[in-house]
Amino acid sequence: MAHPTVAVLERHLTLYRRLWRASVFGSFVLPVLFLLSIGVGVGGYVGDVGGVSYLAWIVPGVMASSAFQMAAGESTYPVFGDFRWTRAYHAARATPVGVPDILRGWMLYILIRVLVNALVFLGVTALFGALHSPLAVLAPLACGLLGVAVSAPITAFAATIGHDSYFALLFRFVMMPSTLFAGVFFPLEQLPDWLEPVAMASPLWHAVELCRAATLGAATAWPAWLHAAYLLAWAAGGFAWAVRAFRKRLED
Amino acid sequence: MIYARGLVKRFGDFTAVDGIDLEVAPGEAFGFLGPNGAGKSSTMRMISCVSLPTAGELRILGMDPARDGTRIRGRLGVCPQLDTLDPDLNVRENLTTYARYFGISRAEARRRADELLEFARLTEKAASPVEPLSGGMKRRLTIARALVNEPDLVLLDEPTTGLDPQARHLLWERLFRLKQRGTTLVLTTHYMDEAEQLCDRLVVMDGGRIVAEGSPRSLIETYSTPEVVELRFGLEELDGYAGKLEGIGERLDVLPDRILLYAPDGDGAAAEVHRRGVNPSSVLVRRSSLEDVFLHLTGRTLVD
């Protein structure tokens, strides 16, 4: 007998079969265009960063930030819609599927999406000659961890809000700055000192550090386990918040 | 199947269900009748084990929803008031995906989906997306989905609200078929004809309380007369006529747009109206219905 969590995951995968063509463009083609324009174009002016070409330097950053964008984007309207429009969570809750099952199945789906995306991206960047270490194969794992760390709290947020206009604020004031100031396009040290801790609070920076260490074989700013633990803490905290938010919405 | 004593549901200061007692036996078709806001849906949510009672005792299939919610839900079929179908999945996938929630194997889910598509008369639509289906088809699909785990108890929250008459009759016919198979049905409705068609027994709810209980027939016998005469009088003030009609039949009600006379013999009462020199613009003699019971019990009509 399949576990209810697996049944929830299956629903998401069945839905994804319908939509994958559109999403492949967004999640994979766009970062590649990014690499070409910024990595090759801007890179021509910038020269080397940290002893490697600018392209090789931003590859892990773009990889992590694309996981970040995907996990965040998937956790906004689709989650909100499954409460408001399709009421799919209400449907599931009327069966033996519990709130933790709904959320575990959802997190597994996000994990799979992010992992597949990161693996394809890794393959393409290998063709650009941008990977300098065999450890690069570990980078998708860091992306997967980042995906759950970001998706869990945003899923909870999407379950809490009463109107989808909050997502615009989330994208403008949280997601955008996180992407710009998390060491994706330039080293964190370039920032004013007071801004550095703010950037470090973002889960994205920690995943960028891990990915960069993996693809370039370089050292991380903090010990690698600490970066991973920080991401895990976001995932666990977000999950707990999401369980509470979903219960409140579905069980009263 | 269901046993409730002193069941209460409060949301903050608002009491949605205010101490109700219920018992539903296996094979019975049981109805909750009442206007919007009477507490029917809150009661249904407690029975379907997604919302726990604030107070009182509740047993579903002999189990306690607070402890065995998951096990109970595994044996229930729930057809919610608002459609919860997956618009991006096709008709068949809606059934198979939902079957998996009950731990049913993929092969078995496919087999049951075929069977239920047949039952819901949707076999030709199996590969169609959900969105273009008519309201009646979507409802039938929702009901088919509620049957995918072969439930012991099927809960239907306003199954035909918003459907056209033809779609309603087809749905009733399908539900009647279920009832004949011995499935226990519990439904809420604010349609009298639906309750009369489907329910062996029903309770009338108003303001979170049960105000009457019985079979449709016995409720009509207890709270109404066999026949009702409806009198309409154009645009004039109705109260003036009420005095002239006093004493005809057992009782009369003055509604905003008509006067109802309750009488064992409707034709006789209508003749008496004319004999007294009262000339309504229209006279309708009909059988008494649950609508009259509800009007008598609560002083209000059901659907305004």
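Q: How far apart are the end C-alpha atoms of residues 110–131 of chain A?
A: This is a predicted model, in which local features need pLDDT of at least 70, side-chain atom pairs count only at pLDDT 80 or more, and totals for chains, interfaces and linings use all residues. Residue numbers start from 1 along each chain as its sequence is written, while chains are lettered from A and ligands numbered from 1 in the order in which they are written. Residues 110–131 of chain A are 82% helix and 0% strand, where helices (H or I, at least four residues) and strands (E, at least two) are DSSP runs numbered from the N terminus. The end C-alpha atoms of this span are apart by 25 Å.

Q: Where in chain A does UniProt place the feature "transmembrane region"?
A: The feature comes from an unreviewed UniProt entry; such positions follow the numbering used here, with feature names shortened, and annotations may be inferred rather than shown by experiment. One of the listed spans, residues 166–188 of chain A, is 65% helix and 0% strand, with its end C-alpha atoms 29 Å apart. The record places the feature at residues 19–42, 54–72, 110–131, 137–159, 166–188 and 224–243.

Q: At what angle do the axes of helices α5(A) and α6(A) cross?
A: Helix α5 covers residues 99–127 of chain A and helix α6 covers residues 139–160 of chain A, and their axes come within 8 Å. Axes are lines fitted to C-alpha atoms, for helices over the stretch in contact, and angles run from 0 to 180 degrees between N-to-C directions. The axes cross at roughly 145 degrees.

Q: How many nonpolar residues has the contact of α5(A) with α6(A)?
A: Two residues are in contact if their C-beta atoms, placed from the backbone, lie within 7 Å. The contact includes A:W106 and A:L122 of α5(A), and A:A139 and A:T155 of α6(A). Ala, Val, Leu, Ile, Met, Phe, Trp, Tyr, Cys and Pro count as nonpolar, Asp, Glu, Lys and Arg as charged, and the others, Gly among them, as polar. The contact has no charged residues and four polar ones, and its nonpolar residues number 14.

Q: Which handedness has the crossing of α9(A) and α10(A)?
A: Helix α9 (residues 203–216) and helix α10 (residues 224–250) of chain A pack at about 145 degrees, with their axes 9 Å apart. Among the residues that make the contact are A:H206 and A:E209 of α9(A) and A:H227 and A:W234 of α10(A). By class, this contact has nine nonpolar, two polar and one charged residues. The crossing is left-handed.

Q: Which element of chain B gives the largest share of the side that touches chain A?
A: In all, 21 residues of chain B are in contact with 24 residues of chain A. On the chain B side, the elements giving two or more residues are α2 (65–73) and α3 (91–101). That side divides into nine nonpolar, seven polar and five charged residues. The largest share, five residues, comes from α3(B).

Q: Which strands stand at the edges of the six-strand open sheet of chain B?
A: The strand order in this sheet is β5-β6-β7-β3-β8-β9, with mixed pairing; two strands pair if DSSP finds at least two bridges between them. One pair, β5(B) with β6(B) (residues 153–157), is parallel over four bridges. Two strands have a single partner strand each, so one side of each is left without a neighbour in the sheet. These edge strands are β5 (76–79) and β9 (209–214).

Q: Which helix packs on the four-strand sheet of chain B?
A: This open sheet has the order β11-β12-β10-β13 and antiparallel pairing. Strand β10(B) is joined to β13(B) by six bridges, and β10(B) pairs with β12(B) over five bridges. The helix that packs on the sheet touches β10 (227–232), β12 and β13 of chain B, its direction making about 30 degrees with that of β10(B). That helix, residues 266–275 of chain B, is α10.

Conventions
A crossing is left-handed if the near helix is turned anticlockwise from the far one by less than a right angle, and right-handed if clockwise.
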